[in-house]
Amino acid sequence: ASRVSEGLRLLAAMMRLPGPEEFSESDLQKEIQVVLQERKQGQDSPRSLVNRVLFQTAYRVHPYGRPIIGTPESLSRVTPALLARFHRLWYGANNMTLVAAGNFDADRIRREILAHFVSLPSADTNPFLIASESGDSLVSASCQSNTTPDAPPAMHAAAVAGPMPPC
């Protein structure tokens, strides 16, 4: 049980790491160089090549078809302001799903989640558009929670029971 508490504490701390708006341009450029080096190392791996080609083929339009680590072109466009905007849009308790499996006390887990995540800010939750694989139309998507709309952000993360929110 103490490992669960420690894991939740660490996860909440990661969400509170210095925000992207606190990154200097030089720090960002150093990190981009690290990512470019990791990407280059992955280029030499047959397994990475097969995965890349598989996803590019299966998802020609959907973002899954693009490398998660980015491309040199996409990384060259990253700025501290763009990173901050992305962080505000996606990183918040209301955009998290925590899954607990095993023999545990659900009420205790809910209390711990609330204790660690209630102070996290909500992410900006605008619906987003995903192009269909046929490329002919756009599909609107937004996550729905199985909690009430007026619940605090951490309660959305604390919804450990019930159906998975469709995303």
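In which helix do glutamate 6 and arginine 9 both lie, and how many residues apart? Both lie in helix α1 (residues 2-15), 3 residues apart, or about one turn of the helix; helices (H or I, at least four residues) are DSSP runs, numbered from the N terminus. The model is predicted, with local features requiring pLDDT of at least 70 and side-chain atom pairs counted only at pLDDT 80 or more, while totals for chains, interfaces and linings use all residues. Residues are numbered from 1 along each chain as its sequence is written, and side-chain values use heavy atoms, with hydrogens and water left out.

The structure holds 2 salt bridges, a salt bridge being a side-chain nitrogen of Lys or Arg within 4 Å of a carboxyl oxygen of Asp or Glu. In one of them, glutamate 6 pairs with arginine 9, with the closest N and O atoms 2.6 Å apart. Glutamate 6 has 36% relative accessibility and counts as partly exposed, as does arginine 9 at 39%; buried means under 20% relative accessible area, exposed over 50%, and partly exposed in between (1.4 Å probe, protein chains only).

A salt bridge also joins glutamate 112 and arginine 108, at 3.3 Å from N to O. These two residues lie in helix α6 (residues 106-117), 4 residues apart, about one turn of the helix. Glutamate 112 is buried, at 12% relative accessible area, whereas arginine 108 is partly exposed at 33%.
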